Amino acid sequence: MRGFTLIELVVVIVLLGIVGASFGMFIVPAVNAYHAQAQRAALVDAGESALRRMARDIRISVPNSVRATNSADGFVLEMVPTVEGARYCATDGTTPLAPDCGTGAAQNLDVAATDAEFDILGLFQDAGFTGSPGDYRLAVGNSGSEIYTDTASPAPITPVAKSISLSIASGRHHVTIGGGGHRFCASAECSPRQRVFVVRKAEAPVAYACSKSAGTLTRYWGYSFAASHTTGTSALVASGVDDCSVQNDGLLSGIVTVALALKNAAGEKVTLLHQVHLDNSQ
């Protein structure tokens with residue numbers, strides 16, 4: 001009298017099955033969508049991190065030093081990042097471009113001749129870039145890829161053998177180039193805004209190599225300046241790369257466009273497009 005029949009048991013099982021299936025129709029897709037969204041978010045984070053790392057190096061690079069090479073397997077994007085920059089004195093102070101530079105030859109940089117001493121307007125924010133010859137280098141008036149083939153004279157970057165020393169006079173940093181000085185440009189008009197940049201040898205040049213076949217985006221740095229990219233110290237920036245491309249309009253519009261597509265083992269894929277503006281004015 002207190003029990004239940006087999007028919008009642010079967011009915012309960014059938015009803016529970018119907019209710020469970022109904023819940024599954026709503027719950028399973030929601031759970032799958034959550035996992036897919038989490039996977040896409042992880043891909044977006046990885047892609048954004050890689051693109052932001054590239055953008056940082058591009059923005060602080062020597063003007064016109066960004067060069068890109070596309071291939072069927074990906075691209076190589078190369079640049080010469082800087083650690084400091086300033087405006088150098090080049091006149092006697094009679095023009096608005098270089099106020100209060102003084103009148104002595106030691107205060108003014110003649111970029112069209114071999115010069116060993118000059119002042120900058122004000123002080124470098126970080127004056128710790130002096131050291132052994134070649135640890136740091138100065139760059140002025142780069143107009144293109146000649147900064148990578150820096151064996152000729154004049155050259156937009158000081159040779160590795162030249163040392164750099166600083167002193168302070170009249171509230172300005174006074175720069176001395178060791179080894180007899182250096183000639184940066186063929187003419188005095190190579191740097192209309194009179195800008196000098198400091199490059200750390202251990203961190204320049206820098207290249208980002210994307211390989212679709214390997215599925216990787218790799219950062220290289222600290223290798224020798226050369227007409228084309230060579231491998232050096234490397235670090236993996238992103239894995240799971242499915243597609244990538246780069247477009248460098250730096251000399252025209254000052255825009256570098258990088259497209260990066262990442263894909264995981266589950267088949268989730270995201271494509272990110274990043275544009276970086278760089279100041280190529282000299």
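Author: Two strands pair if DSSP finds at least two bridges between them. With that in hand, let's look at this predicted model.

Reader: Happy to. What makes β12 and β13 a pair?

Author: Seven bridges join β12 to β13 (residues 255-263), and pairing asks for at least two, so the two strands count as paired. They run antiparallel, and Val246 stands opposite Val258 in β13.

Reader: Which sheet do they belong to, and in what order do its strands come?

Author: They sit in an open sheet of three strands, ordered β12-β13-β14 with antiparallel pairing.

Reader: Why are β12 and β14 said to stand at the edges?

Author: Each of them, β12 (241-248) and β14 (269-277), has a single partner strand, so one side of each is left without a neighbour in the sheet. On average, neighbouring strands of this sheet are turned by 10° against each other, direction ignored.

Reader: Now a single residue, Thr158. Where is it found?

Author: Thr158 lies in the loop between β5 (136-139) and β6 (164-169).

Reader: How do you know whether Thr158 is buried or exposed?

Author: Its relative accessible area is 1%. Buried means under 20%, so Thr158 is buried.

Reader: What is Thr158 in contact with, leaving aside its neighbours within four places in sequence?

Author: Thr158 is in contact with Arg137, Leu138, Ile177, His182 and Phe184. Contact here means heavy atoms within 4.5 Å.

Reader: And how many of the chain's residues count as buried?

Author: Of its 282 residues, 40% do. The chain has one helix and 14 strands, and it exposes about 14500 Å², with carbon and sulfur atoms supplying 57% of that.

Note on methods: Residues numbered from 1 in each chain as written. Predicted model: local features only at pLDDT ≥ 70, side-chain atom pairs only at ≥ 80, totals over all residues. Heavy atoms only, no water. Helix = DSSP H or I, 4+ residues; strand = E, 2+ residues; numbered from the N terminus. Buried < 20%, exposed > 50% of the residue type's maximum accessible area, 1.4 Å probe, protein only. Areas by Shrake-Rupley, 256 points an atom, 1.4 Å probe, with all protein chains shown as cover. Axes fitted to C-alpha atoms, helices over the stretch in contact; angles between N-to-C directions.
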